[in-house]
Amino acid sequence: IYNKCTDINLLLKNQNISILTISETWLDSNISNKELFLDENYNNFRLDRYTFKKGGGLMTLVAKRYTV
């Protein structure tokens with residue numbers, strides 16, 4: 001997902017998306033939310049893969065206009 005952040009930001013900006021869930025993020029604790037440069041109008045909830053295998057991971061972006 002790291003190389004798709006620009007596309008994700010364009011999607012969030014151009015569409016009225018309330019919740020976006022992405023699977024197979026391939027993120028781990030070495031990549032912070034700030035490094036992803038995602039739209040600041042969204043809360044980011046991540047479940048990274050904590051094994052040494054590649055793949056996995058889940059991220060959900062929820063518009064801040066909702067209380068989570």
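Student: Let's start with Asp48. Does Asp48 count as buried or exposed?
Tutor: Asp48 counts as buried, at 9% relative accessibility. Keep in mind that this is a predicted model.

Student: Which residue forms a salt bridge with Asp48?
Tutor: Arg46 does. The closest N and O atoms of the two are 2.7 Å apart. Side chains of opposite charge can pair when their charged atoms come close.

Student: What about Arg46, how accessible is Arg46?
Tutor: Arg46 is partly exposed, with a relative accessible area of 24%. Buried would need under 20%.

Student: How many salt bridges does the count come to?
Tutor: The count comes to 1 salt bridge.

Student: OK, new topic. Which residues are buried in helix α1?
Tutor: Helix α1 covers residues 5-14, and Cys5, Ile8, Asn9 and Leu12 are buried there. Looking down the axis of α1, these buried residues fall within an arc of 100°, so they line one face of the helix.

Student: And what is on the other side of α1?
Tutor: Thr6 and Asn14 are on that side, and they are exposed.

Student: What covers the buried residues of α1?
Tutor: The cover includes β1 (19-23), β2 and β3 (58-63).

Student: How many residues are in the largest nonpolar core?
Tutor: That core has 15 residues. Ile8, Leu12, Leu20, Leu36, Leu38, Met59 and Leu61 touch the most other members. As for where the core comes from, α1, β1 and β3 each supply at least two of its residues. In soluble globular proteins, nonpolar side chains tend to be buried together.

Student: Pick one. What is Leu38 in contact with, leaving aside neighbours within four places in sequence?
Tutor: Leu38 is in contact with Cys5, Ile8, Asn9, Asn44, Met59 and Leu61.

Student: Met59 again! Where does Met59 lie?
Tutor: Met59 lies in strand β3. It counts as buried, at 1% relative accessibility. Leaving aside neighbours within four places in sequence, its contacts include Ile1, Leu20, Thr25, Leu36, Leu38 and Phe45.

Student: How far apart are Met59 and Ser23 in space?
Tutor: They are 6.5 Å apart, C-alpha to C-alpha. In sequence they are 36 residues apart.

Student: You mentioned Thr25. Where does Thr25 lie?
Tutor: Thr25 lies in the loop between β1 and β2. Its relative accessible area is 1%, so Thr25 is buried. Beyond neighbours within four places in sequence, Thr25 is in contact with Ile1, Gly56, Gly57, Leu58 and Met59.

Student: What is the phi of Glu24?
Tutor: Phi of Glu24 is near 55°, a positive value in a residue other than glycine. Most residues other than glycine have a negative phi. Glu24 is in the loop between β1 and β2, and it counts as partly exposed at 48% relative accessibility.

Student: And what about the phi of Trp26?
Tutor: Trp26 has a positive phi of about 65°, although it is not a glycine. Trp26 also lies in the loop between β1 and β2. At 51% relative accessibility, Trp26 counts as exposed.

Student: Last one. Which residues form a nonpolar patch on the surface?
Tutor: Phe45, Tyr66 and Val68 do, with about 320 Å² of accessible area together. Phe45 lies in strand β2, residues 42-47. Phe45 is partly exposed, with a relative accessible area of 39%.

Technical notes: Residues are numbered from 1 along each chain as its sequence is written. This is a predicted model: local features need pLDDT of at least 70, side-chain atom pairs count only at pLDDT 80 or more; totals for chains, interfaces and linings use all residues. Side-chain values use heavy atoms; hydrogens and water are left out. Patches are made of residues with over 30% relative accessible area and no salt bridge: like charges are joined within 9 Å, nonpolar side chains (Val, Leu, Ile, Met, Phe, Trp, Tyr) within 5 Å. Accessible areas come from the Shrake-Rupley method with a 1.4 Å probe; for residues, only the protein chains shown count as cover. A salt bridge is a side-chain nitrogen of Lys or Arg within 4 Å of a carboxyl oxygen of Asp or Glu. Helices (H or I, at least four residues) and strands (E, at least two) are DSSP runs, numbered from the N terminus. Buried means under 20% relative accessible area, exposed over 50%, partly exposed in between (1.4 Å probe, protein chains only). The arc is that of the directions from the helix axis to the C-beta atoms. Contact means heavy atoms within 4.5 Å. A nonpolar core is a set of buried Ala, Val, Leu, Ile, Met, Phe, Trp, Tyr and Cys residues joined through side-chain atoms within 4.5 Å.
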